[in-house]
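Notebook open. I'm looking up how the parts of this structure sit against each other.

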Amino acid sequence: MAEILEQLAMCIERGKVNASSPYPPDLKGQEGADELCKKALDDGLAPNDILANGLVVGMNAIGRKFSKNEVFVPDVLMAAKAMTAAMEHLRPFFDSGEATFKGTFVVGTVQGDLHDIGKNLVAMVVEGGGYKVVDLGVDVSPEKFLDAVKGNPGATVGLSALLTTTMVNMEKTVSLVKEAVPGTKVIVGGAPLTQEFADKIGADAYSPDPQGALDFLAAASA
Amino acid sequence: MDVRTRFQRLMRFEPVDRLPLLEWATWWDKTIERWHGEGLPPELVEGGAIRDYFGQDAYRQTWIPPRKPSCPAPAYHGAGILADLQGYEDMRPHLYPDAREAIDTATLESWAERQARGEMVVWLTLEGFFWYPRTLLGIQRHLCAFYEQPETLHAMNRDLLEFNLAVLEALCAVCTPDFVTFAEDMAYRSGPMISRALFDEFQAPYYRRIVPQVLERGIIPFVDSDGRVEQLIRWFLDVGIDGFLPLERQAGCDVAAIRAGHPGVRFIGGYDKMCMTLGEAAMRAEFDRLLPVLRQGGFLVGVDHQTPPAVPLDAYRVYLRLLEEYAIKAAAPPAA
């Protein structure tokens, strides 16, 4: 792997956004994900190469540490900020089709639920894992999920809920999506959920953390 | 034994005639709405009145927010009302009301009379040093601020500390609460949202200033944090707080394991709300799970957050019947 991609991965993992960002203190004044991604493109590296061997490596590293409680939510958010800064340079190539995502992930917090931090963390880690993320936001109706699946053929769906009162709405979404677009994979997560509940509502998977969602996507597309 | 004595003795790990029947978290509006259709008298909407109807022990809570009525509300759940230190300075005129004006003296005087007669427990809630900056900055910006805007967080918490100290003084001049909860909600289902290092930098110094003031007045301090709190317990013990609620079972909190590791910690909550729709046997099994810890004292059992709207009124009555049964069972000397 090119040295610049190793540096880029390190900047993503450690949340170093750009040269002017003060965090992390030991990298103050050094180039961050923003500058390094642009430089990698200027050096002629392919966008897919930069994504796979820079961004994805960095986000995977932070995601795994988060799964093991070795880092905390602010660390993941800073990594996601660095990843977003880098993605701004790559996005035109994906928009034009010159580069391709590994797949599409439609994600949202289910109807009646306005909590989004868990859903956002999943979206950030999955995007950093090389997937196109269609974030439908919060309080998303089953019909809106279905529309997004129809608009993104082959997409995997992620449903989030924080409340015991709203997790029941997941079942409606799973049923509607799977009935209308058979074969669609659905993964669920959120504070009150369990594997047992996921099984009961017919979801394909449950994950207690963002990395689990990414691992599921990787396994599903393998 | 009166309500207040029973609570105080329980929290000091002293024998009681029975555990308090005290549902610390009032019911969701959706739960009350459902129960109105199932026989709860429609005029009952306020927590105290509903507690009285169910024959529970009485408490009253006062939550003193560090905001004036002119302070804007966030646009949506989790959003902030300002972005940085300058925004905070601009917002300050809408924050930190005069503590003497922030408290409802007349109501507190009436509570103090009932409290002195032992008829009820008084509970004060203050906003904590994780919670409060989050309400100003919004969830995500707050979490990034630990790294990107440390001075903003310290400025907020310095001011919050002074406000909370002033509230404590003003309130205790009228009515000294039996316990105080610091609202934090700083854990999710896998553990704390931030590291011990961040806690030590951004929260601990402020707790070390206010907790001695709380303890000097004989008030029992609790931390109110949803989610999995095991890791947090050591952190808060180190700043002098040994009470925790609500100990959500769904997040994996296990009061027996926590008590085994930290024998003196006090609990409120701990009863898995998710079993309340599963019938009497499941509810009884949940009380049986908790009984050994209940017998140790220092544990006010209650629903581990709020009773969900999925729970019918009849099921809640079963819960109450079992609560009463186990409240007596837990207080009785173990059978020889």
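I began with the gap between the domains: the centres of domain 1 and domain 2 of chain A, taken over C-alpha atoms, are 25 Å apart. The domain assignment puts domain 1 of chain A at 3–96 and domain 2 at 104–221; such bounds come from an automatic or database domain assignment.

A note on the source: this is a predicted model, where local features need pLDDT of at least 70, side-chain atom pairs count only at pLDDT 80 or more, and totals for chains, interfaces and linings use all residues. Residues are numbered from 1 along each chain as its sequence is written, while chains are lettered from A and ligands numbered from 1 in the order in which they are written.

Next I checked what touches. I found 14 residues of domain 1 of chain A in contact with ten residues of domain 2 of chain A (contact: C-beta atoms, placed from the backbone, within 7 Å). On the domain 1 side, helix 3 of chain A gives the largest share, ten residues (helices are DSSP runs of H or I, at least four residues, numbered from the N terminus).

Then I looked at one helix pair. Helix 3 (residues 47–67) and helix 9 (residues 210–221) of chain A pack at about 125°, axes 8 Å apart (axes are lines fitted to C-alpha atoms over the stretch in contact, and angles run from 0 to 180 degrees between N-to-C directions). That angle makes helix 3 of chain A oblique to helix 9 of chain A (under 35 degrees is roughly parallel, over 145 roughly antiparallel, 65 to 115 roughly perpendicular, the rest oblique). I listed A:Gly63, A:Arg64, A:Phe66 and A:Ser67 from helix 3 of chain A, against A:Pro210, A:Gln211 and A:Leu214 from helix 9 of chain A.

Terms used
Helix = DSSP H or I, 4+ residues; strand = E, 2+ residues; numbered from the N terminus. Contact = placed C-beta atoms within 7 Å.
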